[in-house]
Amino acid sequence: MAECGEPGRQWQEEVAAVVAVGSCMTDLVSLTSRLPKTGETIHGHKFFIGFGGKGANQCVQAARLGAKTSMVCKVGKDSFGNDHIENLKRNDISTEFTYQTKDAATGTASIIVNNEGQNIIIIVAGANLLLNSEDLKEAASVISRAKVMICQLEVTPATSLEALTMARTSGVKTLFNPAPAIADLDPRFYTLSDVFCCNESEAEILTGVTVCSPADAGKAALVLMERGCQVVIITLGADGCVMLSRTEPIPKHIVTEKVKAVDTTGAGDSFVGALAFYLAYYPDLPMEEMLKRSNFIAAASVQTAGTQSSYLYKKDLPLHLF
């Protein structure tokens with residue numbers, strides 16, 4: 001059964017503009033001077049537990065920018081799962097379709113971050129892999145009324161594909177983040193995605209094109225466009241992103257401001273969540289401008305340690321972004 005708190009009842013009367021179908025993960029974060037080599041044990045200087053999962057991260061960032069949001073996900077009937085539900089509620093996200101199960105533990109992400117803000121991550125998906133077709137059917141009312149639906153690949157690909165199909169059938173704009181990427185991605189993902197957004201390593205896995213520069217990203221984007229995407233965005237971290245679309249078929253590099261990175265964990269999710277916000281609330285804004293603003297918000301997130309804890313609220317951001 002879904003966990004329904006006070007926010008859930010309120011949301012039955014308000015349409016969620018942004019719906020995220022995806023993962024919730026408990027982040028177990030260790031800060032170290034450097035990343036370990038294979039087989040090596042090193043000392044860290046700080047450890048903390050945070051809230052993560054690509055679906056939840058993207059939903060939280062959209063919510064903090066002011067979007068009405070709903071999260072469709074599955075967590076365990078354990079303390080981590082209970083904490084996730086409370087965290088979503090604190091971020092004013094509907095938990096009406098946040099399911100709990102006794103059959104698996106809440107997903108976890110073990111993260112190591114060095115002094116330069118670089119990270120390595122191991123995820124154990126847990127309950128996320130049990131989100132299924134029946135859960136989506138129960139959530140059909142909120143998915144079909146959304147303006148934008150976000151999906152990723154930390155739940156089973158079949159579940160994400162079904163969610164994208166449901167959204168497309170209802171005329172809902174789809175934003176697909178193929179992460180973590182799989183080389184043999186079902187071709188339907190490309191045609192069902194209004195906006196297909198991945199990072200350079202994911203683009204390389206999907207296309208076989210080595211991405212070491214904006215020019216390389218443009219080549220990979222052309223391959224993805226040929227597979228049926230409407231808009232392709234390849235994020236490049238500190239180098240911004242590259243965009244390609246049916247209406248603008250020449251790859252365009254969109255730069256971002258240079259900042260001192262403290263922790264890059266979750267920056268890509270911040271970008272996707274911000275983009276979902278702009279697609280839902282500023283649909284007439286040129287895509288290039290949406291991406292510039294999303295770049296700015298993602299860059300702001302890397303200047304603070306943590307994932308969701310680094311995501312800024314609308315009140316903390318410059319007025320020109322809104």
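Colleague: How close do the axes of helix H2 and H10 come, and at what angle do they cross?

Modeller: Two packed helices are described by the angle between their axes and the distance between the axes. In this predicted model, the axes of H2 (residues 54-64) and H10 cross at roughly 50° and come within 7 Å. That angle makes H2 oblique to H10. The crossing of H2 past H10 is right-handed.

Colleague: Which residues make the contact between H2 and H10?

Modeller: From H2, they are Lys54, Asn57, Gln58, Gln61 and Ala62. H10 contributes Asp269, Ser270, Val272, Gly273, Ala274 and Phe277. By type, the contact of H2 with H10 has four nonpolar, five polar and two charged residues.

Colleague: What are the angle and the axis distance for H10 and H11?

Modeller: H10 (residues 267-281) packs with H11 at an angle of about 140°, and the axes lie 8 Å apart. An angle must be over 145 degrees to count as roughly antiparallel, so H10 and H11 are oblique to each other. Their crossing is right-handed.

Colleague: Which residues does H10 bring to its contact with H11, and which does H11 bring?

Modeller: H10 brings Ala267, Ser270, Phe271, Ala274, Leu275, Tyr278 and Leu279. Among those from H11 are Met287, Met290, Leu291, Arg293 and Ile297. The residues of the contact of H10 with H11 divide into 11 nonpolar, four polar and one charged.

Colleague: Is arginine 293 buried or exposed?

Modeller: The cut-off for buried is under 20% relative accessible area. Arginine 293 has 12% relative accessibility and therefore counts as buried. This arginine lies in H11 (residues 287-301). Apart from neighbours within four places in sequence, arginine 293 is in contact with Tyr278, Leu285, His320, Leu321 and Phe322.

Colleague: What about alanine 163: buried or exposed?

Modeller: Alanine 163, found in helix H6 (residues 157-169), counts as buried because its relative accessibility is 0%. Not counting residues up to four places away in sequence, alanine 163 touches Val21, Leu136, Met149 and Cys151. For a sense of distance, alanine 163 and alanine 267 are 24 Å apart from C-alpha to C-alpha, with a separation of 104 residues in sequence.

Colleague: Now the strands. In what order do the four strands of the open sheet run?

Modeller: Strands of a sheet pair through backbone hydrogen bonds, either parallel or antiparallel. Here the order is E3-E2-E7-E8, and the pairing is mixed. Strand E3 (44-52) and strand E8 (119-124) each have a single partner strand, so one side of each is left without a neighbour in the sheet. From one strand to the next, the twist averages 15°.

Colleague: In what sense do E2 and E7 pair, and what packs on the sheet?

Modeller: E2 (residues 25-32) and E7 (residues 107-113) pair in the parallel sense over seven bridges. Within E7, alanine 109 is the bridge partner of aspartate 27. Helix H3 (residues 79-90) packs on the sheet and touches E2, E3 and E7. The direction of H3 makes about 70° with that of E3.

Colleague: Which way do the residues of strand E6 point?

Modeller: In E6 (residues 98-101), Thr98 and Gln100 point one way, while Tyr99 and Thr101 point the other way. All of them are buried. E6 pairs with strand E4 (residues 69-76) in the parallel sense over four bridges, and valine 75 stands opposite glutamine 100 of E6.

Key
Residues numbered from 1 in each chain as written. Predicted model: local features only at pLDDT ≥ 70, side-chain atom pairs only at ≥ 80, totals over all residues. Heavy atoms only, no water. Helix = DSSP H or I, 4+ residues; strand = E, 2+ residues; numbered from the N terminus. Buried < 20%, exposed > 50% of the residue type's maximum accessible area, 1.4 Å probe, protein only. Contact = heavy atoms within 4.5 Å. Axes fitted to C-alpha atoms, helices over the stretch in contact; angles between N-to-C directions. Parallel < 35°, antiparallel > 145°, perpendicular 65-115°, else oblique. Left-handed = near helix turned anticlockwise from the far one by under 90°. Nonpolar A, V, L, I, M, F, W, Y, C, P; charged D, E, K, R; others polar. Pairing = 2+ DSSP bridges.
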